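Have a look at the model before reading on.

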Amino acid sequence: AYNRDYYGFKGWSKTAIAYGEGMASNRGVNFGSWNGGFGKDSSALFFTSYGVAEVAPRLQLGSELTYWAPQHVSWGGDLDVARTIFALQPSYKINDNLRLILTGSYANEKVEDQNGKAQWGRTDVNTQFYALEVATAFTVDADYWGRPQI
């Protein structure tokens, strides 16, 4: 993992890359929890980069890019999976206890079944997801990470 400013701008970011084989294909305990389906033939590449930029005194921008590609996992078949997720979250501080948040995200999941069997009722799928959310957060401190939040 590599921690620094927000890619040359004021703020912070973290970038990490991991590779594992067998049980370690599931990113290890630093990036998630262990679960089934990862055998001795499994392998996976995991990459993530995320952070928060201080755009202006009242405006912060969070972003995340994640890619995970496990190969030969047995979630009901012999699957190769590739997941890509990208999200942006601008956040505007209205006052000390109120923040307006907009989140936009895109995700793509490609699943290839190496045995040609149907997986989750489908074979060799390429699925795309989009999400857009607008919310207000009431907090004790209306900073991007101010907690608790309602």
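1. Strands E2 (residues 9-21) and E3 (residues 38-56) run antiparallel and are joined by 11 bridges. Within that pairing, glutamate 21 sits opposite serine 43 of E3. Strands here are DSSP runs of E, at least two residues long, numbered from the N terminus, and two of them pair if DSSP finds at least two bridges between them.

2. A quick word on ground rules: this is a predicted model, where local features need pLDDT of at least 70, side-chain atom pairs count only at pLDDT 80 or more, and totals for chains, interfaces and linings use all residues. Numbering starts from 1 along each chain as its sequence is written, and side-chain values use heavy atoms, with hydrogens and water left out.

3. Zooming out, seven strands make an open, antiparallel sheet in the order E1-E2-E3-E4-E5-E6-E7. E1 (2-6) and E7 (125-138) are the edges, each with a single partner strand, so one side of each has no neighbour in the sheet.

4. Salt bridges (a side-chain nitrogen of Lys or Arg within 4 Å of a carboxyl oxygen of Asp or Glu) come to three. One of them is arginine 83 with glutamate 109, closest N and O atoms 2.5 Å apart. Arginine 83 is in E5 (residues 79-95) and glutamate 109 in E6 (residues 98-113), so this pair ties together parts 26 residues apart in sequence.

5. On accessibility (buried is under 20% relative accessible area, exposed over 50%, partly exposed in between; 1.4 Å probe, protein chains only), glutamate 109 is buried at 12%, while arginine 83 is partly exposed at 28%.

How values were computed
Helices (H or I, at least four residues) and strands (E, at least two) are DSSP runs, numbered from the N terminus.
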